[in-house]
Amino acid sequence: MNVADFDYDLPVSYIAQTPAEPRDSSKLLRLDRKSGALSHHVFGDIVDMLGGDDVLVLNNSRVIRARLNAMKAKSGGKAEILLLKPLTDVRWLALLGGRNIDEGATLNIPGSAATCTVINKLEKSQRVIEFSQPVRELLAKHGELPLPPYIREQLDDSERYQTVYSEIEGSAAAPTAGLHFTRDLLDKLKRKGIKLAFCTLHIGLDTFQPVVAERLRDHKIHREYATLDEHNTRIINEARQVGGRVVAVGTTAARTIETSAILAAGGDPSTPSSTAPPDRERPLRAFEAETGLFIYPGYQWRAVDALITNFHLPRSTLLMMLSAFVGREALLASYETAKQLNYRFYSFGDAMFIT
């Protein structure tokens with residue numbers, strides 16, 4: 001398939017600049033995969049759409065304060081550091097904003113004694129950098145949350161870009177489908193008997209980047225650290241055994257679940273189309289690894305039965321994943337309906353429940 005098949009027009013007025021308040025008051029568009037039927041709700045109605053045997057799988061990754069202002073040591077010119085992935089305590093893969101920042105360049109962090117040096121210059125603005133001290137304390141004092149570039153309004157409460165169940169730091173962006181849940185809503189779900197299982201997938205910024213290749217098969221998917229431990233694997237497998245649905249909260253949870261299913265069958269999640277049979281009866285297995293799973297139309301789903309998600313960017317791998325789940329035409333038609341009814345799009349926008 002061509003990447004252009006996953007393009008659509010979205011005027012900037014549809015892009016949410018602020019989160020809904022309260023979180024669960026956002027709109028919810030329900031899409032039935034079998035019938036194609038659409039219905040319109042508020043997110044808090046999700047309690048009534050789930051059965052007592054279902055299991056919600058949530059990504060508990062927490063966004064790190066990964067953006068640092070910096071200055072070039074030689075010229076004093078401004079620069080910006082966006083940390084993507086730790087390589088050691090002091091060495092990181094990062095995006096650098098600023099001109100002529102090549103190998104050997106040193107940056108100062110204003111307000112601190114810390115410096116960083118460019119070790120390797122990679123493609124475009126990616127660099128491997130090494131700090132003069134461990135980074136965690138530096139981020140706590142001087143780091144800023146890396147809000148997506150399409151959000152231009154100041155966020156007064158940084159916790160609104162974290163899920164209420166976020167726990168393990170490591171993401172450069174929030175698992176946004178989970179932003180709609182409140183603690184009270186989670187309590188209502190548990191009182192109904194709905195199980196909650198947690199995975200961790202640390203999100204890199206590549207998740208939200210448009211695919212630049214012309215053909216899907218030519219796109220090299222980013223790899224992200226993911227883990228599903230024994231305890232939560234057991235919760236999911238027990239729900240499946242009694243006929244409950246596995247409901248992924250977000251594409252990151254879906255990617256983790258499907259990685260687990262492929263590994264359980266002895267497959268390689270870096271080549272999803274042919275490495276493992278789509279055996280939906282096979283139990284998931286716990287794992288901890290980087291996943292390079294690229295899900296697009298033609299993929300045979302192994303474990304996810306329903307998906308809660310936001311409305312995603314044109315030409316993004318997330319849009320391609322959802323097209324694999326529901327069909328490209330049905331998905332893009334639902335987006336057009338959402339636009340007509342003034343749904344809000346992207347990270348702080350409204351949600352879909354695809355069943």
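Mentor: We begin with contact, which means heavy atoms within 4.5 Å. The model is predicted, with local features requiring pLDDT of at least 70 and side-chain atom pairs counting only at pLDDT 80 or more, while totals for chains, interfaces and linings use all residues. Residues are numbered from 1 along each chain as its sequence is written, and side-chain values use heavy atoms, leaving out hydrogens and water.

Trainee: Which residues does Ile-15 touch, not counting residues up to four places away in sequence?

Mentor: Ile-15 touches Leu-10, Tyr-150, Phe-345 and Tyr-346. The residue sits in the segment before S1; helices (H or I, at least four residues) and strands (E, at least two) are DSSP runs, numbered from the N terminus. Ile-15 and Thr-337 are 322 residues apart in sequence, yet 15 Å apart in space, C-alpha to C-alpha.

Trainee: Is Ile-15 buried or exposed?

Mentor: Relative accessible area decides the matter: under 20% is buried, over 50% exposed, and in between partly exposed (1.4 Å probe, protein chains only). Ile-15 has 13% and is therefore buried. A second case is Leu-263 in helix H5, which counts as buried because its relative accessibility is 19%. Beyond its neighbours within four places in sequence, Leu-263 is in contact with Pro-269, Arg-285 and Phe-287.

Trainee: How many residues has the largest nonpolar core?

Mentor: In soluble globular proteins, nonpolar side chains tend to be buried together. A nonpolar core is a set of buried Ala, Val, Leu, Ile, Met, Phe, Trp, Tyr and Cys residues joined through side-chain atoms within 4.5 Å. Here the largest has 71 residues, and Tyr-161, Trp-301, Tyr-335 and Phe-345 make the most contacts inside it. H6 gives this core its largest share, seven residues. Another core lies apart from it and has 23 residues, including Val-47, Leu-58, Ala-177 and Leu-186. As for Trp-301, the residues it touches include Ala-254, Met-321 and Phe-325, when residues up to four places away in sequence are not counted.

Trainee: Why is H6 described as largely enclosed by the rest of the structure?

Mentor: Ten of its ten residues are buried, so H6 is largely enclosed by the rest of the structure. Those buried residues pack against strand S1 (27–31), H5, S16, H7 and S17. Gly-327 follows H6, and its phi is positive, near 105°.

Trainee: How many aromatic pairs are counted?

Mentor: A pair of aromatic rings is described by the distance of the centres and the angle of the planes. Rings of Phe, Tyr and Trp (its six-membered ring) pair if their centres lie within 6.5 Å; planes under 30 degrees apart are stacked, over 60 edge-to-face, and the rest tilted. The count comes to 14 pairs. Phe-311 and Tyr-343 have ring centres 5.8 Å apart and planes at 65°, so this pair is edge-to-face. Phe-311 lies in the loop between strand S16 (306–310) and H6, and Tyr-343 in the loop between helix H7 (328–340) and strand S17 (351–354), so the pair ties together parts 32 residues apart in sequence. For Phe-311 and Phe-345, the centres are 4.8 Å apart and the planes at 35°, so the pair is tilted. Both rings belong to one aromatic cluster, together with Tyr-8, Tyr-14, Tyr-335 and Tyr-343.

Trainee: Which peptide bond is cis?

Mentor: Most residues other than glycine have a negative phi, and most peptide bonds are trans. The bond from Glu-21 to Pro-22 is cis, with omega near -5°. Arg-315 has a positive phi, near 65°, and is partly exposed at 25% relative accessible area. Asn-342 also has a positive phi, near 60°, and is exposed at 53%.
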